[in-house]
Amino acid sequence: MNVSLDIDPWSAARLALQAAFFLTLFLLVKQLFDLRDAARLKHLSRPKGAFRTPMTGLMALFGAVLLYQATWQLTGLYRPQFVAFMQSHDRREFNPAHWIQRGRLLDRRGEVLAESLEREGRVQRHYPDGPVFAPVVGYTHPRFGASGMEAVVSRQLDGGDPNSLKDLGELGRRILGGDKRPRGRDVVLTIDAELQRLAVERLGARRGAVVMLDPRDGAVRVLASVPAHDPNRIDAELFSGSDPATPLLNRATQGLYPPGSTFKIAVAALALERGFNGTLACPGDGFTTASHYRKIRDHEYYSARRTGHVWEGYGRLGLERALAVSSNVFFAQLGVLQGHDAFQELTERLGFNGQILLHQSTYGRFAMRTGHWPALAANDQYGLAQAAIGQGRLLVSPAYMALLTGALANQGVAVRPRLIATARPEVLARFMHPDVANRLAAMLRRVVTEGTARAIDIPELAIAGKTGTAENPQGDAHSWFVGFAPAERPALAVAVLVEHGGYGSATAAPIARDLLQRAHALGLMPSASKP
């Protein structure tokens, strides 16, 4: 392995001067001892210049060290490392590092999401849309530091890493001229501002998250989390943890929720890969793995019981029909049939119990949680049945469900989600075989045309997707929808979660439809092919 040392001249000079400083101290101490000895022999004649010459040299070296320290401070604003250090560790308001005109954060079409404005002689960061983009851009504050993309791309925003001769020339002109304050570089994100605003608007006063991405290259178009903090108003109370709405929690990337029926697409992929092609009996009275466990039933059972009727069940179902009607009884049995080992292998292949980096730098990292799946005991058949319908101990983040759905739309290949427009797409993993992904895509189209999501079908968009209604012990069920469009040429994948929103078909699915409809109008996805 070849190892190269990349030391710039300035760093080498700094190291040399620091070494000279300690050498100076050493020689000064030594000189004191020598003078003491000389005093004892003062009856002898002293050589001319024996004291003056070394002391002059030592003073010159000491002055050089002081001069270096002064230049380090005076020119520090032109060095990203110094600026980042001062911004992170020096929270004084008069700190010159906070005078920098940081670059702007822009959406994919150049709309300003964050910018620096000078008011009354001071530079302040301004976020035109308040909390709408806070889950992406984060905040930067002289006292409370930085978060989100403000932290991760701080070096570029402060003007570091000039990547062209023109940038280098501008940096040199600023250093030599000193006639203007340091100005950073703009960073263009993949986010679409109009879609992000629509997602936040449609979530309204409810808590939830929306993630939309291009499954082909991982470009994230929407990353919304509601409620969010207003980055224009950062104060100590925000960090006290007293707000039950938890506005600092990024629900899209860090929130973990039971996925409900949306996870049936992963179980269906597992069954197809293992050759399942049969039918399963789905009685109205439900299914359980042991008599002392509560039976797992379909929604229709409870609807009939509320009206005083008895539901006979679906009878025997195949995979495609079971997915369209979202039968819990079918998938609970299907999960048990696959077994613990296969289910465990599936969660490992899908990246559960981990995090995925969206962007990382020396100054921070932007990551998303995948899912949480604790290994079950080998005899816990009921836990496996619960996990197969997206309940029990299985948890996922909304961003992960968008990634999983995007992989299905991309013939089984998951592409790392990215937030920087210029970042190169990167294949993350293969989640499922291409044939399985294609068969599942056709099945999810039927979910929208004739299944639980038929209310959002728009032939021009050809949405394919899966609804989810996830029970949770804290109250009403969470509402889910995951999908992509157009079904035959997927250009966008979306995951919508509304906390305590009830049925996925009634709450989350219409939000996804509205976003895909607007994305189509914006030219982000083609029209569906006509049959």
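Okay, let's start in a loop: Ser326 sits between α11 (319–325) and α12 (328–349). Helices here are DSSP runs of H or I with at least four residues, strands are E runs of at least two, and both are numbered from the N terminus. Is Ser326 buried or exposed? Ser326 is buried, with a relative accessible area of 13%; buried means under 20%, exposed over 50%, partly exposed in between, using a 1.4 Å probe and protein chains only.

Quick housekeeping. This is a predicted model, where local features need pLDDT of at least 70, side-chain atom pairs count only at pLDDT 80 or more, and totals for chains, interfaces and linings use all residues. Residues are numbered from 1 along each chain as its sequence is written, and side-chain values use heavy atoms, with hydrogens and water left out.

There's another positive phi at Thr246, about 45°, and that's not a glycine either. Thr246 is in the loop between β8 and α9, and Thr246 is partly exposed, at 33% relative accessible area.

That loop between β8 and α9 (264–273) also holds Pro227, which is joined to Val226 by a cis peptide bond with omega about 0°. A cis bond also links Ala485 to Pro486, with omega about -15°, and Pro486 lies in the loop between β18 and β19. For background, most residues other than glycine have a negative phi, and most peptide bonds are trans.

Now the sheet. Five strands form an open sheet in the order β8-β7-β19-β18-β17, with antiparallel pairing; strands pair if DSSP finds at least two bridges between them. The edges are β8 (220–226) and β17 (464–472), each pairing on one side only. Inside, six bridges join β7 (residues 208–213) to β19 (residues 492–498), and Val211 stands opposite Ala495 in β19.

Last, a helix pair. The axes of α8 (residues 193–203) and α16 (residues 508–521) come within 10 Å and cross at roughly 160°. Axes are lines fitted to C-alpha atoms, for helices over the stretch in contact, with angles from 0 to 180 degrees between N-to-C directions. That makes α8 roughly antiparallel to α16, a label for angles over 145 degrees; under 35 is roughly parallel, 65 to 115 roughly perpendicular, and the rest oblique. Contact means heavy atoms within 4.5 Å, and the α8 residues making it include Leu195 and Leu198, with Ile511 and Leu515 among those of α16.
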